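Trainee: I've got the viewer open and I'd like to learn how to read what I'm seeing. Could you walk me through it?

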Amino acid sequence: TRRSSDLSLANWQSETGQDKNSSWKSAGLPSACNVAAQSKDFWITSSTYAGATLGSTHQATIAIGTFGLGGITGNIALTLDGVSEVKGLTGKFSASSVPATGTSVLTLTASSSTPAGTYPITILGNLGNITHTVTVSLVVP
């Protein structure tokens, strides 16, 4: 049995920054569509996947969204990769566990010893045997 969820996809390209294989077949971008999954699954997205820059407070925030598909239930565990490799950088989620359709905010904080550069930060979402990732860039001026 296929289940579906109504999701607003008005900004689908920016919200699925890593989904380079998707395309619309309609003449115009719809404001919403019905997404049907063949099995239980979820998407993990970020509206700031193109990059975040540390501000004067030495912090940057990145919004994370999860979208459950196919009737999936449960909580998605969020973890990070790429933070511990950068000297003086730490990261913390506002919620490290979110519902299948939920949100969290990642706050990245650098110390004065964090070298300037652009760093890839990968956000991992895991629910059962399903893991998805989204990678964002962090600019340290």
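This is a predicted model: local features need pLDDT of at least 70, side-chain atom pairs count only at pLDDT 80 or more; totals for chains, interfaces and linings use all residues.

Trainee: Okay, is Q38 buried or exposed?

Mentor: Accessibility is judged with a cut-off: exposed means over 50% relative accessible area. Q38 has a relative accessible area of 72%, so it counts as exposed.

Trainee: Now the strands. What holds a sheet together?

Mentor: In general, strands pair through backbone hydrogen bonds, and the pairing can be parallel or antiparallel. Here, β3 pairs with β5 (residues 59-69) in the antiparallel sense, over six bridges. Within that pair, F42 faces G68 of β5.

Trainee: Which strand does β5 join through eight bridges?

Mentor: That's β9 (residues 102-110), again antiparallel. There, A60 stands opposite L108 in β9. Then β9 is joined to β7 by five antiparallel bridges, with K92 opposite T107 of β9.

Trainee: In what order do the strands of that sheet run?

Mentor: The order is β3-β5-β9-β7, an open sheet of four strands with antiparallel pairing. β3 and β7 (89-93) are the edges; each has a single partner strand, so one side of each has no neighbour in the sheet. From one strand to the next, the twist averages 20 degrees.

Trainee: And where would I expect side chains to point?

Mentor: In a regular strand they alternate between the two faces of the sheet.

Trainee: What about H58, where is that?

Mentor: H58 lies in the loop between β4 (52-53) and β5. Its phi is near 65 degrees, a positive value in a residue other than glycine. With a relative accessible area of 41%, H58 is partly exposed.

Trainee: How many bridges link β6 and β8?

Mentor: Three, with β6 (residues 75-81) and β8 pairing in the antiparallel sense. To find that spot in the viewer, look for N75, which stands opposite P99 in β8.

Key. Residues are numbered from 1 along each chain as its sequence is written. Side-chain values use heavy atoms; hydrogens and water are left out. Buried means under 20% relative accessible area, exposed over 50%, partly exposed in between (1.4 Å probe, protein chains only). Two strands pair if DSSP finds at least two bridges between them. Helices (H or I, at least four residues) and strands (E, at least two) are DSSP runs, numbered from the N terminus. Axes are lines fitted to C-alpha atoms, for helices over the stretch in contact, and angles run from 0 to 180 degrees between N-to-C directions.
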